[in-house]
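Please have the structure open as you read.

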Amino acid sequence: MTTEYRVHGATFRYTHTIGRGEEAGTGFKNPVAVAIGANDVMYVVSRSYDYRADAKRITVCTVRDQDYIGEIGNAGRLGGDMMDPGESDIDGSLIWPTAIDLDSEENLYVTDEWLNRVAVFSSDGDWLGSWGSNGSGEGQFDKPSGLAIDSEDNIFIVDTGNNRIQKYSKDGKFISQWGEHGSGEGQFDMPWGITIDSHGDIYVADWRNDRIQKFDSSGKFISSLGSTGDKEGQFNRPTDIAVDKDGLQYVADWDNDRVQIFDQHDDLITILTGDATLSKWAETKLDANPDMRLQREIAQGLERERLFRGPIGIEVDDENRLFVVDSQRNRVQIYRKIDPTFVGLYDGGRL
Amino acid sequence: MTSTNQDPVLVVLQLSGGNDILNTVIPYNDPLYVDNRPNVRIPTDQVIPINDDLGFNPNMAPLKPLWDQGNMAIVQGVGYPNPNRSHFRSMDIWHTCEPDKIAEEGWLGRAIRDLDPNKENVLTGVNFGRGLPRALAAPGVPVASVGSLETYGVLTSIEQEEKRSEALNIFSRMYSPTMGQGPVFDYLSQNGMDALTGADILATAPGKYSSSVEYGASSTSQYMRNIAQVHCAGLGTRILYTTAPYNSFDTHATQMTAHANLITDVSTMVSDFYADLKEHNASENVLLLVFTEFGRRVHDNGSGTDHGSGGAAFLFGDKVKGGLYGEYPSLEADKLLDGDLHFNNDFRGLYATILEDWFGLDAQPIVNGNFEKMDFIAK
Amino acid sequence: MAEADIQLMAHLMRRAGFGATYEELERRAAVGYEETVEQLLHPENEQDLTMDVMQRYMHGWRDMNSIMANQAYWTYRMVNSSRQLEEKLCLFWHGIFCVGDSKCMAANQILVQLNNFRKDGLGNFENLLLGLSRDPAMLYYLDNQLSHKEAVNENWGRELLELFSMGVGMDGQANYSEDDVKACAEAFTGWTIGNAIPRYPYGRYDNSFLYNQYDHSEDNKTFLGEQGNFNGDDVVKIIAKQPSTARFISRHLYNFFVADEPQVPAWQTTPPRDPEAIELLEKTYFESGYEIRSMLRVLFNSDFFKNARFAKVKSPTEVVINTLRLRGDFTIPKPKIYDPAMEIRYMGQDLLNPPTVEGWHTGKEWIDSGTLVERVNYTAGEMGDINSPGIRSIINRVAEQGSSISAEQLLDGCLEMLGGYSLTDDTRALLLENAGKNGDISTGSDEFAEQVGETLQLIVSTQEYQFT
């Protein structure tokens with residue numbers, strides 16, 4: 001008797017992990033978001049803790065070779081008081097950095113939920129300025145979180161506390177907005193992540209409504225995906241969404257510690273729970289701490305190390321690579337999508 | 001010229017986080033140093049040699065004159081058996097002299113009790129920074145913890161000056177000893193009055209002080225300046241303590257930049273402090289101890305170093321016999337302890353030397369035992 | 001509402017919780033004293049705090065991998081949880097069953113323990129000890145993973161008897177012998193923890209209790225006069241039925257909830273301050289089958305409790321949490337959410353990091369000239385902030401007494417709002433003089449809020465306010 005399998009969207013192959021827990025340099029501390037630039041460069045935002053203001057930063061490194069390039073926005077690492085929670089809004093300061101995206105010139109836009117502003121850096125780390133203030137008017141924010149930039153450099157910002165999406169030009173001019181508090185269509189409850197697909201449609205992780213809402217570029221409601229729970233297709237506080245060029249949707253299902261992948265018809269393809277291995281930086285760390293390598297050999301339950309813990313930011317690039325920011329584990333897990341047309345090709349189709 | 005009491009005084013500067021001794025006092029001719037530090041190494045040509053084997057980190061240049069004058073001692077390989085690589089536990093051990101069990105009393109708290117058994121001076125021990133390090137803690141031993149010398153005092157949270165002085169006036173009358181309210185009430189009164197007295201006396205220190213020395217801007221540099229101010233004011237303070245900010249020496253990553261800044265900061269503040277005391281002719285009775293809770297791993301981790309053992313401590317002062325004490329721990333693989341430098345000098349011997357040869361106290365009950373003393377204090 | 005009822009309710013809430021605003025006291029007093037005691041004794045009937053929003057903004061709070069995250073989380077819970085007695089009792093057990101982060105270096109593992117105190121803290125004492133004997137943080141803190149049948153480490157076995165259940169002695173007699181300590185430690189050989197995943201490179205994972213039967217001593221043991229091949233559970237059962245355990249727990253409850261006793265090491269020779277109260281609690285311990293809830297019901301409803309107002313020096317945690325509850329603005333995520341735990345530390349109580357396994361010395365030993373300054377400066381700063389919602393509502397309530405009020409009305413109004421403090425005559429005279437220094441007090445004036453703020457600042461600076 002033969003079993004009939006149906007080719008289902010795609011498969012996902014884990015490739016590698018980048019990161020380790022570190023307050024500076026080759027690692028991340030409570031990373032929250034990732035962006036992929038040209039030349040295989042990756043930008044990772046570390047939220048850190050508020051009593052380690054120096055560890056709030058954007059780490060710049062490469063994806064394939066895991067080479068550390070440097071860090072941005074690391075305000076006052078030394079000389080200052082490390083215990084100072086740093087509530088100051090001086091240039092370059094990051095207090096609650098939350099999301100990051102790049103414009104067409106690869107400038108970095110970072111939302112800050114505490115300072116209620118969007119901080120802008122060049123890819124070299126130069127401070128280019130910021131905009132935004134606290135409030136509910138145009139150009140104002142109450143905890144801006146998700147941020148996405150479209151192909152024309154328009155910037156969409158999730159204004160969490162005001163339960164709305166605001167659209168800006170790249171120099172920070174307010175263009176439009178939609179949304180209000182609630183659980184109906186086009187309403188939000190503390191929304192977080194946002195992304196734009198290749199058609200210009202906009203997806204928002206409606207965090208406390210446990211769903212993803214899809215809008216057209218003008219903000220008109222199209223559809224909604226998901227409900228509250230831990231079953232397949234349900235979410236427990238989804239934080240972020242990415243959509244690839246084929247329209248597959250990747251949802252960071254934060255409090256369920258998993259990533260759910262849906263096709264363009266909202267059908268579930270698969271669920272990822274994490275496959276982490278030792279990153280290059282992790283190996284270096286263990287080389288310097290030989291006793292910990294020994295400790296790992298006898299540790300009970302080491303397989304837990306593979307799992308996501310609070311997957312929080314998610315991104316997919318043009319090469320079909322999926323980046324999952326694994327917040328509580330200070331790393332990014334990377335997968336590659338294998339297209340369904342690969343089935344039956346080469347030796348993969350041999351009996 | 002300020003006249004100061006000539007009783008011996010100890011100043012302690014704690015480098016929290018675990019200072020990387022290999023990049024502080026550097027075995028620059030040892031090939032194993034090069035092998036173990038592919039990424040976190042001071043190039044040989046930058047090292048400031050102090051002999052054929054060892055040299056200072058280049059950022060320690062401000063300390064070189066003190067070394068050359070014979071006023072700086074380096075205690076090598078200092079630590080304790082079965083090193084603990086937790087910052088907090090290891091610091092606890094340094095503070096309480098109790099590596100095997102968790103103890104409450106600090107060695108300097110005990111020293112203060114012995115120096116001032118009748119509690120004649122509420123300022124015998126003063127800490128600069130908020131919260132009391134366990135080294136200074138001992139039941140019944142009052143030690144002021146000064147977050148800011150300029151604004152230290154009771155009811156400083158009342159911002160308006162006029163209101164505050166009214167409130168202080170009422171506070172001092174409220175806490176004046178009264179009869180018949182019971183022992184706990186009396187105890188509170190006594191402590192309230194002690195706090196006021198201490199604050200009033202400390203408040204006089206900045207006014208009595210002027211100096212041509214300009215300290216750095218870091219909080220620790222400013223605390224070192226405060227220590228000079230209090231010492232020069234002649235308040236009878238015998239033990240003054242401060243701490244480099246929260247675990248700043250914990251250079252797990254990007255150590256080359258971070259550690260350079262830290263070493264620059266510490267070297268400059270120590271050199272400034274010493275110059276300041278000299279300017280006030282107040283250096284003779286001061287011993288400065290600089291220590292850290294542990295050294296770091298011999299092998300780097302790519303961009304930093306992790307928690308290790310076997311560190312080094314430094315002593316400065318007119319009465320210090322300069323030079324190296326103990327042995328520099330070997331970097332040879334079979335001499336390492338789980339990848340760490342092996343200690344060969346018990347820190348309690350260092351303390352015992354200070355307690356007995358500097359303060360003239362009995363060290364045994366303070367450090368919980370008999371440990372070999374060192375010879376870094378001129379008789 | 002009768003003033004006396006509210007003042008009694010204020011006393012109950014200060015002890016069984018961390019104090020309450022005047023509005024809460026009125027609400028609870030309307031429910032009635034005994035009914036409120038029942039509500040406090042059944043925290044499971046109250047909605048627990050939802051943590052999703054806090055975890056969204058405080059990213060370290062998901063796994064509590066650092067002591068500071070865990071401390072801040074606890075202060076947040078103590079301020080905001082409607083299950084006030086659950087948190088107060090968690091603090092009680094933390095002060096007795098001490099583990100310290102300076103040794104464990106695993107705040108997440110200490111959180112597991114505190115959550116067990118929350119869950120089991122009001123229940124059966126034997127059950128609580130059985131849980132504690134399997135708690136990874138405790139086993140590590142007291143070295144039981146180093147205790148082997150061929151080489152027994154007595155640390156856990158000794159402290160279980162000395163500090164966690166029986167105490168060294170009572171009525172001038174020793175409660176157990178050195179042989180009992182040995183037998184106890186031997187019974188717990190093989191009670192260990194899993195080999196942990198090292199903290200590098202990806203952080204800590206919770207560890208688990210392991211029973212290693214190959215490393216457990218199967219010898220016949222004599223423990224407190226009983227003989228058998230005892231295992232740890234057997235030992236705990238024997239401990240739980242000892243009169244000395246009833247005494248020890250009763251004295252601890254009395255010291256924490258009623259009035260300051262001498263420090264624990266003195267209990268072998270120093271009799272209880274109120275022998276009848278202790279006797280009643282001991283009796284309840286046995287009659288209820290070792291149930292803490294029953295003991296506390298008797299305690300809170302007794303006259304010795306109701307009459308023990310201001311018989312204790314506030315702990316640093318009580319000082320800070322009470323202040324934050326009165327201010328009413330420690331409710332939302334913010335970067336400075338970590339600060340109150342630091343203030344508690346500066347005042348001499350580093351939560352999750354007690355100085356030794358004996359815990360913190362309490363009563364007047366909380367106070368020295370340094371910690372007194374920290375208390376006074378902190379409370380005066382916080383209570384003088386007339387823009388905080390809680391202080392605003394105090395100002396409004398005091399103003400309700402009339403458009404023009406006397407110095408007495410201002411002072412007494414403030415004392416009442418803080419929960420019925422009374423002052424010694426001398427202090428009262430000083431504060432009245434200050435309150436009346438500008439003549440009539442007009443509650444409609446611009447300065448009125450400042451006057452209330454100033455009065456509150458002076459009250460919290462008094463010796464009287466250091467008591468609870």
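Two strands pair if DSSP finds at least two bridges between them; strands (E, at least two residues) and helices (H or I, at least four residues) are DSSP runs, numbered from the N terminus. This is a predicted model, in which local features need pLDDT of at least 70, side-chain atom pairs count only at pLDDT 80 or more, and totals for chains, interfaces and linings use all residues. Residues are numbered from 1 along each chain as its sequence is written, chains are lettered from A and ligands numbered from 1 in the order in which they are written, and side-chain values use heavy atoms, with hydrogens and water left out.

Let us begin with the strands of chain A. Strand β28(A), residues 331-338, has six of its eight residues buried, where buried means under 20% relative accessible area with a 1.4 Å probe and protein chains only. β28(A) pairs with strand β27(A), residues 321-326, in the antiparallel sense over six bridges, and in this pairing A:F323 faces A:I334 of β28(A). Four residues lie between the two strands of this hairpin, and A:N330 has a positive phi near 55°. Strand β1(A), residues 11-18, is also antiparallel to β28(A), with seven bridges joining them; here A:T17 is opposite A:Q333.

Another hairpin of chain A is built from β4(A) and β5(A), with five residues between them and A:Q66 in the turn at a positive phi of about 55°. Its strands, residues 57-62 and 68-72, run antiparallel and are joined by four bridges, with A:T59 opposite A:E71.

Now for the helices of chain C. Two packed helices are described by the angle between their axes and the distance between the axes. The axes are lines fitted to C-alpha atoms over the stretch in contact, and angles run from 0 to 180 degrees between N-to-C directions.

| Helix pair | Axes come within | Crossing angle |
|---|---|---|
| α1(C) (residues 3-16) and α3(C) (residues 33-41) | 11 Å | roughly 15° |
| α14(C) (residues 243-257) and α16(C) (residues 292-301) | 11 Å | roughly 50° |

Angles under 35 degrees count as roughly parallel, over 145 as roughly antiparallel, 65 to 115 as roughly perpendicular and the rest as oblique. Therefore α1(C) and α3(C) are roughly parallel to each other. Their contact (heavy atoms within 4.5 Å) involves C:L8, C:M9, C:L12, C:M13 and C:A16 of α1(C) with C:Y33, C:T36, C:V37 and C:L40 of α3(C).

By its angle, the pair α14(C) and α16(C) is therefore oblique. Here C:I249, C:S250, C:L253 and C:F257 of α14(C) meet C:I292, C:M295, C:L296, C:L299 and C:F300 of α16(C).

How values were computed. Buried < 20%, exposed > 50% of the residue type's maximum accessible area, 1.4 Å probe, protein only.
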